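Subject: Structure handover

Hi,

Here is the structure I promised to pass on to you. Please have a look at it, and then read on for what turned up among the side chains.

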Amino acid sequence: MAIGLFGGAFDPPHNGHVALAACAKERFDLPRLTVLVSERPGHKDVDHPADVRLELARAAFPGDDVRLDPYPRTIDLLRGESFDDPVFLVGADEFVDFLTWKEPQAVLELTRLGVATRPGFDRGLLDIVLRNLEHPERVTFFDMEPNPAASRTIRAALLAGEPLGGLVPPEVERLIRERRLYGVG
């Protein structure tokens with residue numbers, strides 16, 4: 001049975017992340033996921049330390065295995081740990097940048113990629129990446145409904161004192177407000 005790996009900064013985790021996970025579970029027949037909260041993301045700055053983001057991710061994914069990922073790059077994780085038939089999940093936006101990842105061809109030797117697409121996303125951008133892969137057959141696209149949630153937008157809304165309007169799971173919002181994260185006053 002395949003194992004789903006879903007990594008990210010989760011700063012904060014939002015309903016787009018949750019929707020992607022749910023769609024991937026159905027598409028790949030995954031009973032649960034391993035959600036990997038990047039301890040030191042190699043690709044972006046984060047607002048909060050790993051332990052805070054881990055707690056928020058556990059609130060967002062209560063039925064899954066949520067743990068810290070000590071590796072700054074995906075290839076390091078895949079070489080450092082052993083997974084049985086892994087499917088690494090990413091969104092289409094992230095897949096467009098896949099060729100800039102550390103050793104992308106080696107990543108595909110160690111895992112399949114499950115790429116969430118949404119209506120209106122330019123398929124030509126995805127095809128450009130596929131044409132440059134040694135093993136494009138190891139990439140599977142799956143559709144999901146568009147979701148307006150984005151961590152950057154959520155952080156800005158919180159800083160401005162605006163309501164989140166259901167962009168994050170209720171338990172995540174409760175923790176953010178209770179702990180006064182992301183500039184919540």
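Let me begin with a charge over a ring: Arg 123 lies over the face of Phe 141, at 4.3 Å from the ring centre. The rule here asks for NZ of Lys or CZ of Arg within 6 Å of the ring centre and within 35 degrees of the ring normal. Arg 27 also has its charged end over a ring, that of Phe 28, 5.2 Å from the centre.

A note on the basis: this is a predicted model, where local features need pLDDT of at least 70 and side-chain atom pairs count only at pLDDT 80 or more, while totals for chains, interfaces and linings use all residues. Residues are numbered from 1 along each chain as its sequence is written, and side-chain values use heavy atoms, with hydrogens and water left out.

Back to the rings. Phe 141 also belongs to a cluster that ring pairs build with Phe 88, Phe 95, Phe 98 and Trp 101. For pairing, the centres of Phe, Tyr or Trp rings (for Trp, the six-membered ring) must lie within 6.5 Å; planes under 30 degrees apart are stacked, over 60 edge-to-face, and the rest tilted. The whole structure holds 8 aromatic pairs. One of them is Phe 6 with Phe 10, edge-to-face at 5.4 Å centre to centre and 85° between the planes. Both of these residues are buried (under 20% relative accessible area; exposed is over 50%, partly exposed in between, with a 1.4 Å probe and protein chains only). Phe 95 and Phe 98 are stacked, because their centres are 5.9 Å apart and their planes at 15°. Phe 95 is buried at 0% relative accessible area, and Phe 98 is buried with 0%.

Now the salt bridges (a side-chain nitrogen of Lys or Arg within 4 Å of a carboxyl oxygen of Asp or Glu), of which there are 13. Asp 47 and Arg 155 form one, at 3.4 Å from N to O. This pair links distant parts of the chain, 108 residues apart: Asp 47 is in the loop between strand 2 (33-38) and helix 2 (50-60), and Arg 155 in helix 7 (residues 151-159). Helices (H or I, at least four residues) and strands (E, at least two) are DSSP runs, numbered from the N terminus. Asp 47 is partly exposed at 47%, as is Arg 155 at 23%.

Finally, Glu 55, Glu 171, Arg 174, Glu 178 and Arg 179 are joined in a network of salt bridges. Within it, Glu 178 meets Arg 179 at 3.9 Å, N to O.

Best wishes
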